[in-house]
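Trainee: I've got this one open on my screen and would like to go through it with you. Shall we start?

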Amino acid sequence: MDHDESAAVGPRPLAVRVELPFCPNTCQYCPMPSDIEHALLMGDYCEALRVELAQSAADLGDYRVSSLYLGGGAASFVKVERVCALLGLAREKLAFEPDAEVTLRCLPGYINELKVRDYLRAGVTAVDLDWHMGSLDCFRFTGRASLPEQERASLRAFAHYGLHNVGFELRYGAPGQTLAQWRGVLDEVLGFSPMHVSAVPFEVPEGSV
């Protein structure tokens, strides 16, 4: 009896990353463009992503999506309708594992309960929150648009709809930040019972200032 080994091989897992390189402001540590000309490209860029996704799906029949990440810049800065349309097309064209994680990178100040509701309906299961440094002085230094209270308001929006799979991206070591302040940020974040925490040093890219 012949045995076809290829027939016994199941679908291969696939991790998908969708880059949305848009942000309302450029922090000193980030090379991401954030001027109005780039923001005006959001619609055309998202439409190009839809075309690429539809064309690529035909070559991915042997794969099952195990995770999908929407980020690069701040996905929550892009119109919620566009983000949900991309997710809808992805689920239409690609096969997803039943427990696939769909993560959205969020920027405080561009999240509210209505947007969280729509994200959940579109299949988002986790968020990666670009948490700053918890200090108003640090916000002023970096040029960040969102304020500490907006970060906490984002958490309340997630909690309202029961979205508890929240990760935090932290920056540390900004000029003037003390060790005690950094410990305070960590203590506060850990008090939220995060699913994961990533911490990277504050660095100004060469030639950006």
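Trainee: Is Arg-171 buried or exposed?

Mentor: Keep in mind that this is a predicted model. Arg-171 sits in strand β5, residues 166-172. The cut-off for buried is under 20% relative accessible area. Arg-171 comes in at 17%, so the word for it is buried.

Trainee: And how far apart in space are Arg-171 and Trp-131?

Mentor: In sequence, 40 residues separate the two. Going C-alpha to C-alpha, the distance in space is 7.9 Å.

Trainee: Over to Lys-115. Which side chain of opposite charge is nearest to it?

Mentor: Lys-115 belongs to helix α5, residues 113-122. Lys-115 is buried and has no salt bridge. A salt bridge would need a side-chain nitrogen within 4 Å of a carboxyl oxygen. At 8.1 Å, the nearest side chain of opposite charge is Glu-81.

Trainee: Now the aromatics. What kind of pair do Phe-22 and Tyr-45 make?

Mentor: There are four aromatic pairs in total. In this one the ring centres are 5.4 Å apart and the planes are at 85°. Planes over 60 degrees apart put a pair in one class, so Phe-22 and Tyr-45 are edge-to-face.

Trainee: And what about Tyr-172 and Trp-182, what kind of pair are they?

Mentor: Tyr-172 is in strand β5 and Trp-182 in helix α8, so the pair ties together parts 10 residues apart in sequence. Trp-182 is buried at 15%, while Tyr-172 is partly exposed at 31%. With centres 5.2 Å apart and 40° between the planes, the pair is tilted.

Trainee: Last one: what is the phi of Ser-193?

Mentor: Most residues other than glycine have a negative phi. Ser-193 is in the loop between α8 (179-190) and β6 (196-201), and at 56% relative accessibility it counts as exposed. Although Ser-193 is not a glycine, its phi is positive, at about 55°.

Conventions:
Residues are numbered from 1 along each chain as its sequence is written. This is a predicted model: local features need pLDDT of at least 70, side-chain atom pairs count only at pLDDT 80 or more; totals for chains, interfaces and linings use all residues. Side-chain values use heavy atoms; hydrogens and water are left out. Helices (H or I, at least four residues) and strands (E, at least two) are DSSP runs, numbered from the N terminus. Buried means under 20% relative accessible area, exposed over 50%, partly exposed in between (1.4 Å probe, protein chains only). Lys and Arg count as positive and Asp and Glu as negative; His and the chain ends are not counted. Rings of Phe, Tyr and Trp (its six-membered ring) pair if their centres lie within 6.5 Å; planes under 30 degrees apart count as stacked, over 60 as edge-to-face and the rest as tilted.
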